[in-house]
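Me: I'd like to go through the labels on this one with you. Could you set each value against its cut-off as we go?

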Amino acid sequence: AAAAITRLLQLSTAANRTHPELFTCYCNRAAALLALGCHDDALRDSAEALRLIKQKLPGGQHAHHPSYLKALLRRGEALLGLGSHRAAAEAFEEGLKVDPLHSDLKAGL
């Protein structure tokens, strides 16, 4: 499945096309990359997921989408892996503003 997602994202990028629903793929690939210790790539994918979520749901609506919190979690975890603790805490805190009880975001702090 990871290979299929990666191939889909490669083709999309090569064609300079981005489907508004690809944020889920980017978020999931960021999780896989984190598991492999590829923090730079995971950070890039989580940033793209956040960008696409905000593009699809403008005007603050994005904050209420479940993938938004997952993407912030992935961003925070990637930043921790890169040693950027302050930036990681900011990502976790941004998510906790939306869901103060999110256990994974709280654990990141």
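**Labels and their cut-offs**

Reply: Happy to start with R29: its relative accessibility is 19%, so R29 counts as buried, since buried means under 20% relative accessible area, exposed over 50% and partly exposed in between (1.4 Å probe, protein chains only). This is a predicted model, where local features need pLDDT of at least 70, side-chain atom pairs count only at pLDDT 80 or more, and totals for chains, interfaces and linings use all residues. Residues are numbered from 1 along each chain as its sequence is written, and side-chain values use heavy atoms, leaving out hydrogens and water.

Me: What makes D45 and R29 a salt bridge?

Reply: The closest N and O atoms of D45 and R29 are 2.5 Å apart; the term asks for a side-chain nitrogen of Lys or Arg within 4 Å of a carboxyl oxygen of Asp or Glu, so the pair qualifies. It links distant parts of the chain, with D45 in helix α3 (residues 39–56) and R29 in helix α2 (residues 23–35), 16 residues apart.

Me: Why is D45 called buried?

Reply: Its relative accessible area is 4%, so D45 falls under the limit.

Me: Why is H102 called buried?

Reply: H102 has 18% relative accessibility, so the buried label applies.

Notes:
Helix = DSSP H or I, 4+ residues; strand = E, 2+ residues; numbered from the N terminus.
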